[in-house]
There are 2 protein chains.
Amino acid sequence: MRSYLECIPCFMSQALRAARIAQLDDEQTLKLLRIIGGKIKDIQLSDPPPKTGNMIYSLVAEISGKRDPYEWVKREHIDFALRMLPFMEGYIDDARDPVDAAMRVAAAGNIIDLGARKTVENVHKVLEDALTLKHRRWDIDQLKSALADARKILVLGDNAGETVFDFAMMKTLRRVYPGAGIFFSVRGGPTINDATYKDAVRSRIDEVATIISTGSDAPGILMDEVSPEFLEIFNSADVVISKGQGNYETLNDAPRPIFFVMTVKCEVVARHLNLPEGSSVLYFHPGGKSSERMTD
Amino acid sequence: MRSYLECIPCFMSQALRAARIAQLDDEQTLKLLRIIGGKIKDIQLSDPPPKTGNMIYSLVAEISGKRDPYEWVKREHIDFALRMLPFMEGYIDDARDPVDAAMRVAAAGNIIDLGARKTVENVHKVLEDALTLKHRRWDIDQLKSALADARKILVLGDNAGETVFDFAMMKTLRRVYPGAGIFFSVRGGPTINDATYKDAVRSRIDEVATIISTGSDAPGILMDEVSPEFLEIFNSADVVISKGQGNYETLNDAPRPIFFVMTVKCEVVARHLNLPEGSSVLYFHPGGKSSERMTD
């Protein structure tokens, strides 16, 4: 997906939010916003938003002087999600259709903004809401039919914390489809709160899948930046399940079929998918180019 | 009020919104955002936000090649509000306390975003809601006591359209306080949808008040930019009623007493006033400096 004019103010808001999380002081934050302001002239609207996102998050890291300024947030979210794991597993175990339930848990992981919740009780409530949500689009039959014959499944990871929900989902896939190998991709380096190798291990993903790096720091899958090893698995996988909006923004035109599991978190993507903002979906992309408006 | 770090992404959003209303094309809008991005380094956080607003709206006008790119919007909003005038006047006539009712109408004019409404029926409903709203802070007794002895009243105007609500309010003040002269200030030149002289006349304000210019284009009252004539009336008025957030942002520390009538439209001002975003208030500022956090 290309970037739209609306993405430009949003990049500034994202930068400010990232600066807060990375605990930059006011002077550092002002410096960050000034540098990014000056770089607006270099943004190519033909690039997907995560390309600019990567520039922003690298700058935040550089100014903060920390390699992974969101480390504490990621750790907090993962530990928090791990405490909810028995609840998720109970939900899947009790379900008549465990694969459907597992995908609902994975979707819930992308709905819940762990940063906004304070108490476990609160999150249980939010999680229950997320799990009972009527999804706007839920291509579960296509997914189950694809999984039935799959020998190689690739799950494209997104945020740390959400990874624990993905752990519960993949644990179920292993049980229901014991013949399939599962790969789980993480970012090649820290970028905002996206999961890296270490975050995936902390989320117990090594117990249920082979963790691979995309080979790129970008908060999405930029085909000209990922490693040959990642590309090989991406191309040869029988089923690709992609988590979150960043991966969608970079893969919506991918030539291969992809199942996108995500919450629509901005107006631009909502318009792009013709779904209301806030929708949570399991969206089957059959492969090939979608038509895209090139004017705003 | 100084500018805060949060204002910076907001300036970019305002620029995009202004560009849409001014009907800039995509290329012009991108150019605008790039120029403003490059100017972020020149923004002084010690300046009130309307100072930067003025820079943005001047740029929009320059790029659009029109002196008053919002003219059509302003005309539409005024004409629309004029059709609601009998409803407002009926509300005031029926009220037990016409001054209180008139101020509620004036506040409603700042709550209603005329741009978002499509039909008169809709607006009647929104107007009724605005009029029956429980205001978070409503210093009507102080205002009435100040008006009782006033010989000179100054109303600081805000948006075109809202001006019609102010017409109804001032018409009431004239009736209840026939001994007082009323002045109504407009911007010295077009700036976004703020009312200029022409807009005030279209809103019938010349029937109830003497229209004066601030002498400055800024969407607020910048003391170092206003004309000596404006300043003379501002300083000598017995009562100043200030409409909208832009005037508040530039006058919150004014040495003289001011009655602010406005809706809190952003998080920064909400924090500043310690009131929830969306609150609508009649707020008495006794004069003098408020304490202000200088860190974000």
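Mentor: One term before we look: two strands pair if DSSP finds at least two bridges between them. Strands (E, at least two residues) and helices (H or I, at least four) are DSSP runs, numbered from the N terminus.
Trainee: And what kind of model is this?
Mentor: A predicted one: local features need pLDDT of at least 70, side-chain atom pairs count only at pLDDT 80 or more, and totals for chains, interfaces and linings use all residues. Residues are numbered from 1 along each chain as its sequence is written, while chains are lettered from A and ligands numbered from 1 in the order in which they are written.
Trainee: OK, chain B. How do strand 2 and strand 3 run, and how many bridges join them?
Mentor: They are parallel, and five bridges join strand 2 (residues 152–156) to strand 3 (residues 181–186) of chain B. Look across from B:Leu154 and you find B:Phe183 in strand 3 of chain B.
Trainee: What sheet do the strands of chain B form?
Mentor: An open one, with seven strands in the order 1-7-6-5-2-3-4 and mixed pairing. At its edges are strand 1 (137–138) and strand 4 of chain B, and each pairs on one side only.
Trainee: What does helix 5 of chain B touch?
Mentor: Helix 5 (residues 98–111) packs on the sheet of chain B and touches strand 5 (239–243), strand 6 (258–263) and strand 7. Its direction makes about 50° with that of strand 6 of chain B. Two residues are in contact if their C-beta atoms, placed from the backbone, lie within 7 Å. Axes are lines fitted to C-alpha atoms, for helices over the stretch in contact, and angles run from 0 to 180 degrees between N-to-C directions.
Trainee: And helix 7 of chain B?
Mentor: Helix 7 (residues 140–148) of chain B also packs on the sheet, touching strand 1, strand 5, strand 6 and strand 7. It makes about 55° with the direction of strand 7 of chain B.
Trainee: Over to chain A. Which strands stand at the edges there?
Mentor: The sheet of chain A is open too, with seven strands in the order 1-7-6-5-2-3-4 and mixed pairing. Strand 1 (137–138) and strand 4 (210–213) of chain A are at the edges; each has a single partner strand, so one side of each lacks a neighbour in the sheet.
Trainee: In what sense do strand 2 and strand 5 of chain A pair?
Mentor: Parallel, over four bridges between residues 152–156 and residues 239–243 of chain A. There, A:Val155 is opposite A:Ile241 in strand 5 of chain A. Helix 10 (residues 228–236) of chain A packs on this sheet, touching strand 2, strand 3 (181–186), strand 4 and strand 5.
Trainee: How does chain B superpose on chain A?
Mentor: By a rotation of 180° with 0.0 Å of shift along its axis, giving an RMSD of 0.0 Å. That is how a two-fold axis relates copies.
Trainee: Why do the copies meet through the same surface?
Mentor: Because 100% of the interface residues of chain B are also interface residues in chain A.
Trainee: New topic. Which residues have the most contacts inside the largest nonpolar core?
Mentor: A:Ala15, A:Ala102, A:Val105, B:Ala15, B:Ala102 and B:Val105, in a core of 173 residues. A nonpolar core is a set of buried Ala, Val, Leu, Ile, Met, Phe, Trp, Tyr and Cys residues joined through C-beta atoms within 7 Å. Buried means 20 or more other C-beta atoms within 10 Å of a residue's own, exposed 12 or fewer, and partly exposed in between, with C-beta atoms placed from the backbone. Beyond neighbours within four places in sequence, B:Ala102 is in contact with residues including B:Ile92 and B:Leu173.
Trainee: Is A:Thr263 buried or exposed?
Mentor: Buried, because A:Thr263 has 21 C-beta neighbours inside 10 Å. A:Thr263 lies in strand 6 of chain A.
Trainee: What about B:Asn274, buried or exposed?
Mentor: Exposed, with 6 C-beta neighbours inside 10 Å. B:Asn274 sits in the loop between helix 12 (267–273) and strand 7 (280–285) of chain B. Its phi is near 55°, a positive value in a residue other than glycine.

Methods
Copies are superposed by least squares on the C-alpha atoms of residues with pLDDT of at least 70 in both.
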